[in-house]
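Biologist: Could you take me through the terms used for this model, setting each one against its definition?

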Amino acid sequence: ANFGTWNAYDRHTGELLWSTLTSLAPWGGSLAVVDGMFIVPNGEGGGTLALDAATGEVVWQPDTSPMAFWDMVVVDDVIYMRT
């Protein structure tokens, strides 16, 4: 497995739906899920990213250095995270 690869599988069949290699390793708190995307925290530094849940495409990736290691909370249109 590639560190930083995110995969989506059909929960009924186990079929791989998509696979996306990102620059972020999966370290940190829980994912936040909102509006058809999931937001991935990164405890290694270098940012946070949002992936489209249907396609795996990166929607956005701001630099949240030094790290975004903790759980996130989504309220309305704002994502709150501890860095």
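Modeller: In strand β6, tryptophan 60 is the bridge partner of alanine 50, where strands are DSSP runs of E with at least two residues, numbered from the N terminus. This is a predicted model, in which local features need pLDDT of at least 70 and side-chain atom pairs count only at pLDDT 80 or more, while totals for chains, interfaces and linings use all residues. Residues are numbered from 1 along each chain as its sequence is written, and side-chain values use heavy atoms, leaving out hydrogens and water.

Biologist: What makes β5 and β6 a pair of strands?

Modeller: Two strands pair if DSSP finds at least two bridges between them; β5 and β6 are joined by 2 bridges and run antiparallel, so they meet that definition.

Biologist: Why is the pair of tryptophan 18 and phenylalanine 38 called stacked?

Modeller: Rings of Phe, Tyr and Trp (its six-membered ring) pair if their centres lie within 6.5 Å, and planes under 30 degrees apart count as stacked, over 60 as edge-to-face and the rest as tilted. Here the centres are 6.3 Å apart and the planes lie at 15°, so the pair is stacked. The pair links distant parts of the chain, with tryptophan 18 in β2 and phenylalanine 38 in β4, 20 residues apart.

Biologist: Which residues form one aromatic cluster?

Modeller: Trp6, Trp18 and Phe38 form that cluster.

Biologist: What does valine 40 touch, leaving aside residues up to four places away in sequence?

Modeller: Valine 40 touches Trp6, Leu31, Thr48, Leu49 and Met72, contact meaning heavy atoms within 4.5 Å.

Technical notes. Helices (H or I, at least four residues) and strands (E, at least two) are DSSP runs, numbered from the N terminus.
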